[in-house]
Amino acid sequence: MEPFIILPAWTTGNIILYGYLALMALAVGPLEYFGQAMMAYSKFRPAQGLHPRLGMFILYFLPLVAVTISALPYLLIHPSFRIVFAAVFIHFAKRCSNPLSA
């Protein structure tokens, strides 16, 4: 039986894409630390912009939708996929619950 790990192929395009994404992630760290890259929903931002809870709801709801759509073809393949999907779904759903209270 083959392993059920799904990894992208090591093509030149993928290496460039993931290298670029890694560099962007490293570049944002100092900007965030010095306050240059604050998002409109940041809890450290002044009172302007989105309400922080609404921003966090949007931030966690989109991965919930993405993981559901991307996991649908794989949920019938093996029980381990369903377990991982359930854990990720519960993690993001828990963070989306009641976003505008207190």
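This is a predicted model: local features need pLDDT of at least 70, side-chain atom pairs count only at pLDDT 80 or more; totals for chains, interfaces and linings use all residues.
**Entry 1: F85**
Is F85 buried or exposed? Its relative accessibility is 17%, and since buried means under 20%, F85 counts as buried.

**Entry 2: its ring partner**
Next I looked for aromatic pairs and found a count of one. The pair is F85 with F89: the ring centres sit 5.7 Å apart and the planes meet at 40°, so I noted the pair as tilted. Both residues belong to helix α3, which covers residues 79-96. They are four residues apart there, which means about one helical turn separates them. I then checked the cover on F89, and at 33% relative accessibility F89 counts as partly exposed.

**Entry 3: a patch on the surface**
Which residues form a nonpolar patch on the surface? I listed L54, I58, F61, L62, V65 and I69, with about 500 Å² of accessible area together. I picked out F61 for another look. F61 lies in helix α2, residues 52-71. With a relative accessibility of 36%, F61 counts as partly exposed.

**Entry 4: helix α1 and what follows**
I wanted to know how the span of α1 compares with expectation. Helix α1 takes in residues 12-33, 22 residues in total. At 1.5 Å a residue the helix should span 32 Å, and I found its end C-alpha atoms 32 Å apart, so the two agree.

How values were computed. Residues are numbered from 1 along each chain as its sequence is written. Side-chain values use heavy atoms; hydrogens and water are left out. Patches are made of residues with over 30% relative accessible area and no salt bridge: like charges are joined within 9 Å, nonpolar side chains (Val, Leu, Ile, Met, Phe, Trp, Tyr) within 5 Å. Accessible areas come from the Shrake-Rupley method with a 1.4 Å probe; for residues, only the protein chains shown count as cover. A salt bridge is a side-chain nitrogen of Lys or Arg within 4 Å of a carboxyl oxygen of Asp or Glu. Helices (H or I, at least four residues) and strands (E, at least two) are DSSP runs, numbered from the N terminus. Buried means under 20% relative accessible area, exposed over 50%, partly exposed in between (1.4 Å probe, protein chains only). The expected span of a helix is 1.5 Å times one less than its number of residues. Rings of Phe, Tyr and Trp (its six-membered ring) pair if their centres lie within 6.5 Å; planes under 30 degrees apart count as stacked, over 60 as edge-to-face and the rest as tilted.
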